[in-house]
Amino acid sequence: MHTFLLIAPYFAPQAAVGAYRWVKLARHLVPLGFRPAVLCATFPQDARDPELLRALPPAVVPHDAYLDPRILAAQGALTALSTRLRRPAPPARPSRPIEGLSPFRSLGDRCLIHGPHAAREAVRLGRREGARAVVASVGPFSALPVALHAARALDVPLVLDFRDPWGLHETGAEPPRDAAERARHHLLPVLERHALTRAAHVVLNTRRALAAYHERYPFLDGKSSFIRNHFDASLYDPAPASPEPPSRFTLLHTGTLRAETRIDDIGRALRLLIDREHLTPRDLVLRQIGRATDYERAEVEALGLSGFVEFVPPIPQRALLGELRRAHVLLSMFDPRVVLRIAAKTYDYIASGMPIVSITENPEVDELLAHRPDNTRVRPGDVAALAASLSSHLERFRATRALPAPATAPAEFSSETAASRFADILGRVMRG
């Protein structure tokens with residue numbers, strides 16, 4: 001068994017999208033002869049899914065030691081003191097959606113202050129476990145200096161797995177708002193080039209991201225790959241062979257609603273469809289499973305859709321397949337600026353085999369949707385096309401009152417395929 005040090009701030013038991021990629025890879029790399037010794041960073045406030053820990057092979061033991069306990073204790077004490085000294089105020093109503101990753105707005109992240117402690121722990125763990133390589137799952141991008149230090153101290157090769165673009169993140173296309181942001185536009189590529197130069201191999205998770213990084217950094221040719229996000233069918237509870245079909249035409253979106261995944265297009269398309277077809281809440285429902293704020297609830301209310309939308313709290317990964325199989329259409333969306341990334345939920349949708357409508361400018365998504373002829377990609381802002389696509393699915397529901405038959409999920413997008421490709425990379429860098 002070949003051991004590598006995996007620096008993955010997001011990992012089990014965290015119930016976060018950033019954790020799933022490497023939980024799935026770890027599960028399937030062990031049978032291929034590669035064992036990760038994982039350094040992760042679970043904060044006290046993080047949502048947890050203990051079943052993710054139980055799903056790991058015995059050879060994979062997360063070492064939740066990335067965070068400095070002294071800093072955590074000081075932060076906890078300050079929070080408690082602040083709470084005692086001020087009167088509790090009602091929570092403020094969000095005036096805008098949740099902001100996602102924007103490296104040009106801030107070079108820091110929640111793990112940055114823990115970096116020196118994490119670097120020491122990484123070297124200690126790597127030496128104890130006999131790591132023959134270091135792999136970093138980034139972002140958070142403050143894990144990069146930790147990984148660089150660990151690889152140098154252990155004298156082993158470094159593999160960088162970029163879950164999102166950093167210096168080529170789409171928010172970098174926006175004009176700088178102030179002097180500090182202009183400085184970050186100059187500094188960030190310097191930091192990124194430094195890390196990429198020192199890596200033995202760099203992994204991106206879409207074909208378009210890989211091409212964009214090759215264009216900016218030609219030296220990556222020959223030492224970079226793309227390995228998609230993926231679905232792990234063995235992480236889901238088995239779905240009923242013949243689930244009871246919903247009485248209403250059911251649309252489903254999973255995951256957090258935020259600035260890059262706003263409900264605007266879907267809301268306007270639903271309003272158009274409802275008015276055109278004279279639908280009532282007994283006819284149609286949009287289920288949003290995952291995090292949403294009062295901002296999105298206010299948007300739904302303003303469109304007169306309150307009776308048509310259900311906001312459901314997040315569910316464990318194991319329960320996801322059953323929920324997906326009980327919907328007539330699965331929805332995903334990305335802001336029109338996003339052209340290098342693909343929503344991670346798309347791979348769970350593919351695993352379900354149910355019809356997908358993806359709102360995105362990224363044409364690479366077409367490759368992922370090709371397994372079903374009724375899958376559709378709609379460009380952001382094209383409300384008429386979105387309404388037309390939903391209308392065609394509604395017509396089928398009216399004719400059959402049944403759920404669509406699931407399609408077979410292509411093995412190309414499975415965790416087994418992704419792990420096999422990562423094992424090839426690890427084997428090459430370990431051989432030198």
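Reply: Phenylalanine 141 and phenylalanine 162 are both buried, where buried means under 20% relative accessible area, exposed over 50% and partly exposed in between, with a 1.4 Å probe and protein chains only. The model is a predicted one, in which local features need pLDDT of at least 70 and side-chain atom pairs count only at pLDDT 80 or more, while totals for chains, interfaces and linings use all residues. Residues are numbered from 1 along each chain as its sequence is written, and side-chain values use heavy atoms, with hydrogens and water left out.

The rings of phenylalanine 162 and tyrosine 213 have their centres 6.0 Å apart and their planes at 85°, so this pair is edge-to-face. The rule behind that label takes rings of Phe, Tyr and Trp (its six-membered ring) as paired if their centres lie within 6.5 Å, and counts planes under 30 degrees apart as stacked, over 60 as edge-to-face and the rest as tilted. Because phenylalanine 162 lies in strand β5 and tyrosine 213 in helix α7 (residues 207-216), the pair ties together parts that are 51 residues apart in sequence; helices (H or I, at least four residues) and strands (E, at least two) are DSSP runs, numbered from the N terminus. Phenylalanine 162 has a relative accessibility of 1% and therefore counts as buried, and tyrosine 213 is buried with a relative accessible area of 1%.

By the ring rule the count comes to 9 aromatic pairs. Phenylalanine 141 and phenylalanine 162 form an edge-to-face pair, at 5.9 Å centre to centre and with 70° between the planes. Phenylalanine 141 lies in the loop between β4 (134-138) and α5, and phenylalanine 162 in strand β5 (residues 158-162), so this pair ties together parts that are 21 residues apart in sequence. Ring pairs link Phe141, Phe162, Trp166, Tyr213, Tyr217 and Phe219 into a cluster.

Tyrosine 66 touches residues including Ile7, Leu39, Cys111, His114 and Val146, not counting residues up to four places away in sequence, with contact meaning heavy atoms within 4.5 Å.
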